Amino acid sequence: MLTNQASFKRDGVQDFVTVRATAIIMTAFTFYMLWFFLSTPTVTYEIWHDLFSSLAMKVFTFAALLSIMMHIRIGFWQVLTDYVKAPGIRAVVQFFINLVAFSYVAVGLFVLWGL
Amino acid sequence: MFFALLFVIWAWAESVSSPDGFAFVQEQMSGVIGKIIAIGTISALTYHILGGLRHLVMDMGHWEELESGNNSAKIVIGLWIVLTIVVGVLLC
């Protein structure tokens with residue numbers, strides 16, 4: 001079987017790896033935030049704002065948001081191909097889910113930009 | 001969780017952008033609805049992470065028999081219930 005490596009199309013192996021790679025980034029972000037809330041007795045606006053003002057935290061947050069989008073896209077593709085067999089309906093549902101997932105990233109990016 | 005993210009992203013965007021936004025979100029979070037959404041979201045995320053970690057172990061070839069698969073699933077559910085109660089107590 002001639003494997004076609006010339007196209008940009010994703011394959012199952014890449015999706016398998018992406019789901020797990022993004023999961024690691026998101027879990028790291030989750031544990032970091034958990035540590036932040038446990039180690040900060042009272043969270044004030046200044047503390048909260050300064051947390052997200054450092055370049056490193058902006059990159060980390062943006063990476064987490066991108067990971068969320070990719071995780072959602074692949075995860076919901078798996079769910080929808082299992083449960084929504086009608087291609088027309090599935091395409092519409094996938095479109096809206098992916099659009100919302102993208103807007104999470106867009107909102108995050110523009111908020112981070114302004115900090 | 002996908003829908004819960006609507007609240008999470010909104011609350012984060014509001015609270016980090018301005019002192020008034022922060023005060024508003026803080027006020028919502030102290031209310032009953034805010035707490036329900038928070039505990040619900042954190043509980044769902046906890047279950048998802050525990051299940052995900054179990055899957056990572058399964059990817060490495062463990063827990064693939066009926067008995068081991070069942071037991072690891074029960075452990076995940078047990079841990080999830082305990083952690084949800086802990087989060088509930090912490091947030092209330």
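In helix α4 of chain B, the buried residues (under 20% relative accessible area) are B:Ser68, B:Gly69, B:Ser72, B:Val76, B:Val87 and B:Gly88. They pack against α3 (32–59) of chain B, where contact means heavy atoms within 4.5 Å. This is a predicted model, so local features need pLDDT of at least 70 and side-chain atom pairs count only at pLDDT 80 or more, while totals for chains, interfaces and linings use all residues. Residues are numbered from 1 along each chain as its sequence is written, and side-chain values use heavy atoms, leaving out hydrogens and water.

**Helices**
- α4 of chain B runs over residues 66–91, with helices taken as DSSP runs of H or I, at least four residues.
- Its 26 residues should span 38 Å at 1.5 Å a residue, counting one less than the number of residues; the end C-alpha atoms sit 37 Å apart, which agrees.
- Over in chain A, A:Ile24 belongs to helix α1 (residues 12–39) and is exposed (over 50%), at 55% relative accessible area.

**Where chains B and A meet**
- Chain B brings 18 residues to the contact and chain A brings 25.
- About 1800 Å² is buried between them, 79% of that from carbon and sulfur atoms; buried area is the accessible area (1.4 Å probe) that two parts lose on being put together, summed over both.
- On the chain B side, B:Phe2, B:Trp12 and B:Val16 lose the most area, together 39% of what that side buries.

**The salt bridge**
- The rule finds one salt bridge across this interface, defined as a side-chain nitrogen of Lys or Arg within 4 Å of a carboxyl oxygen of Asp or Glu.
- B:Asp59 and A:Arg20 meet in a salt bridge at 2.5 Å, N to O.

Conventions: Chains are lettered from A and ligands numbered from 1 in the order in which they are written. Helices (H or I, at least four residues) and strands (E, at least two) are DSSP runs, numbered from the N terminus. Buried means under 20% relative accessible area, exposed over 50%, partly exposed in between (1.4 Å probe, protein chains only).
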